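Hi everyone, thanks for making the time. Let me put the model up, and then we can walk through it together.

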Amino acid sequence: MATRLYGVDGARIFSASGELDPWGWCWNSGVAMPESVREVDAKTALKCIGESGRARRIPVGVIGPREATTAQLEAAEALGTALGELGLTVMCGGKTGVMEAVSRGCLKAGGLTIGLVPDHSWRDANDYIALPIATGLSEARNMIIAKSCQVLVAVGNSYGTLSEVAYGLHFSKPVIGLEGAANVDGVQHAASVDEAVELVAEHMLQSAKLS
């Protein structure tokens with residue numbers, strides 16, 4: 001994906017498509033870019049939006065195995081921290097492993113964490129889920145995660161994670177892979193957490209509709 005530059009004027013974000021409405025998540029094409037804007041990358045633009053407090057909390061999905069390696073857990077927590085610092089909302093399966101690690105990073109960084117737990121009680125969510133939702137759907141909740149999120153990041157792989165990747169691709173959602181994520185067509189593999197966050201930011205801003 002080619003890196004795009006965005007214009008920032010205070011809390012206002014601009015691109016060649018116009019000005020971003022952070023609540024409607026659309027580009028208002030009738031607004032010209034002011035001369036006073038400074039050019040920034042997608043990650044910096046998202047951070048400005050998050051700090052404004054005016055953005056709708058569109059979730060980023062983070063998926064991965066419960067039985068994760070040390071490297072995968074460290075990457076997931078670093079990812080959660082970076083997404084939380086951008087003011088983004090993280091949605092996951094709400095349980096242990098990668099899900100707990102990303103939630104811990106995001107919540108401690110000030111982000112919102114949503115957990116769609118497969119159980120019948122919200123109390124089965126890990127301790128870092130601010131908004132636990134008991135689905136009672138077992139693994140079927142994987143489809144809801146993939147459908148509800150604008151972008152998915154897979155950290156590691158497992159059969160359950162692979163199903164979420166497949167659902168994400170089926171729903172035409174961008175899927176970014178880290179630390180041994182499924183090597184299937186359509187997954188954008190990132191070499192580092194920083195690269196994954198940049199890809200998330202690019203996809204989030206490019207998903208805004210034209211008005």
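By class, the largest cavity is lined by five nonpolar residues, one polar and one charged; here Ala, Val, Leu, Ile, Met, Phe, Trp, Tyr, Cys and Pro count as nonpolar, Asp, Glu, Lys and Arg as charged, and the others, Gly among them, as polar. This is a predicted model, where local features need pLDDT of at least 70, side-chain atom pairs count only at pLDDT 80 or more, and totals for chains, interfaces and linings use all residues. Residues are numbered from 1 along each chain as its sequence is written, and side-chain values use heavy atoms, with hydrogens and water left out.

Which residues line the largest cavity? They are Ala 11, Ile 13, Leu 20, Pro 22, Ile 49, Ser 52 and Arg 54. A cavity here is a set of points, on a 1 Å grid over the protein atoms alone, where a 1.4 Å probe fits but cannot get out, and lining residues have an atom within 4 Å of a point. The space inside is about 30 Å³, taken as what is filled by probe spheres set on the points, with grid points joined across faces, edges and corners.

Now the strands, which are DSSP runs of E with at least two residues, numbered from the N terminus. S1 (residues 6-9) and S2 (residues 12-15) run antiparallel, joined by three bridges; two strands pair if DSSP finds at least two. Asp 9 has Arg 12 as its bridge partner. Two residues separate S1 and S2 in their hairpin, and Gly 10 in that turn has a positive phi of about 70°.

S2 also runs antiparallel to S3 (residues 18-21), with two bridges, and Ser 15 stands opposite Gly 18.

How values were computed: Helix = DSSP H or I, 4+ residues; strand = E, 2+ residues; numbered from the N terminus. 1 Å grid on protein atoms, 1.4 Å probe; cavity = no way out; pocket = protein on both sides within 12 Å on 5 of 7 lines; lining within 4 Å.
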